[in-house]
Each structure stands twice: as structure tokens, then as C-alpha cells.
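Visitor: I would like to learn how to read a model like this one. Please show it to me, and then let me ask.

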Amino acid sequence: MADMEVQERKIVVAIDEGDESIYALTWAIKNVVSQNSNDTIILLYAKPPLKIYSTLDGSGYLFSSDVIMSMEKYSKEVADCVIEKAKRVCKDLQNVKVETRIEKGDARDVICDAVEKIGADILVMGTHGYGMIKRAFLGSVSTHCAQNVKCPVLIVKKPKSEVGDKSS
């Protein structure tokens, strides 16, 4: 039994700018990742595509190449910042590899495609906890992924904070 091969799992954690995804990552490290394994955590960030409108759509704005380059630079800086924040959460892990991926596109498609390409064993993601109305208008990335990926999906909901809760 001592010669048993340690299982290697690919755990994809979808991260974004929100605290919910960092909470989900932290929760996964405590409850899913095995410290005595060869697990690999893949931090996945979906960089939203820039919305550039031509004058044909009625908005009246046409962006110069300088403005577009500025917007691209800012988008890259946000992505790098989110990845760095998530990597700091993982800094004390031992025997666990941490990889990062930044993909461009709609988060629903990026996450589903990446999970399949990677051959993930599990997808971990947070949820913004939108109500039914907001979810109907904005859509739910976590719901879409849960319905469309082939591996198990763990959706981690951040508990509402007691301290500083504005509802009281």
C-alpha cells in the first residue's frame, strides 16, 4: 500500500475582480486541495473583450488607436492584478503546483472551454449571489458553467458578513 501512486488532480479555480472568487479559492485550498498530493491549481481569469463601437451603431464614438491601446493596457493590468492577488493566496501551498491562465472572451465561454481543454477534474468558482431578477438580466456565469462543463463544479457562496452589514 505504501507504493500507491499519489493522485494528481487538476483543479480549475475561476477568479475575477470580486471578493467572492478569492473566498472560493481560499475555501478550496482548505477543503478540496490535498497538501499531500500532486494537485495542480489552475487560476483562470476571463478577460472581458473590449467593447468598441463604430459610428454605425448610433453611439457616435469612434476610438483612436491610442485610446484602444490604453484600454487594452488597462485591461491587461487588471488581469495581472487579479492573478497576482490569487497567487498570493496560494503562496504557502506545498506539493501543489499553481498555474495561471488568462483567456480573453465572455467568462461563460472562456471557463467552459478552458475546463475542457485542461481536462479539469473539478471546477471551483464563487458566486455573486445575485437575486432572481438580477440573474435574469445579467445571467449567471456559475449556473451556465454548472450546466455545461463535463467535470464536477463546486460553487462556493461567500457568507454575508455580520460586521458592517448595511441591512441593519
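Visitor: Is S140 buried or exposed?

Guide: Buried means under 20% relative accessible area, exposed over 50%, and partly exposed in between (1.4 Å probe, protein chains only). S140 has a relative accessible area of 17%, so S140 is buried. S140 sits in the loop between helix 4 (132-138) and helix 5. Its side chain makes a polar contact with the side chain of S142, at 3.2 Å. A polar contact is a pair of N or O atoms within 3.5 Å; within protein, one must be able to donate a hydrogen and the other to accept it, and residues adjacent in sequence count only if both atoms are side-chain atoms.

Visitor: What should I know about the source?

Guide: This is a predicted model: local features need pLDDT of at least 70, side-chain atom pairs count only at pLDDT 80 or more, and totals for chains, interfaces and linings use all residues. Residues are numbered from 1 along each chain as its sequence is written, and side-chain values use heavy atoms, leaving out hydrogens and water.

Visitor: What is the mean pLDDT of the protein chain?

Guide: pLDDT is the predictor's confidence in each residue, from 0 to 100. Here the mean is 82, and 77% of residues reach 70 or more. Contact means heavy atoms within 4.5 Å.

Visitor: How many helices and strands does the protein chain have?

Guide: Helices (H or I, at least four residues) and strands (E, at least two) are DSSP runs, numbered from the N terminus. The protein chain has five helices and five strands. Their pattern along the sequence is β-α-β-α-β-α-β-α-α-β.

Visitor: Which residues of helix 3 are buried?

Guide: They are V110, I111, C112, A114, V115 and I118. These pack against strand 1 (10-15), strand 2 (40-47), strand 3 (97-104), strand 4 (122-127) and helix 5 (141-148). At the start of helix 3, a side-chain oxygen of D106 comes within 3.0 Å of the backbone nitrogen of R108. Just after helix 3, G119 has a positive phi of about 75 degrees.

Visitor: Which residues touch the most other members of the largest nonpolar core?

Guide: In soluble globular proteins, nonpolar side chains tend to be buried together. A nonpolar core is a set of buried Ala, Val, Leu, Ile, Met, Phe, Trp, Tyr and Cys residues joined through side-chain atoms within 4.5 Å. The largest has 24 residues; V13, I15, L25, I41 and L43 touch the most other members. Another core, of 17 residues, lies apart from it, with A114 and I118 among its members.
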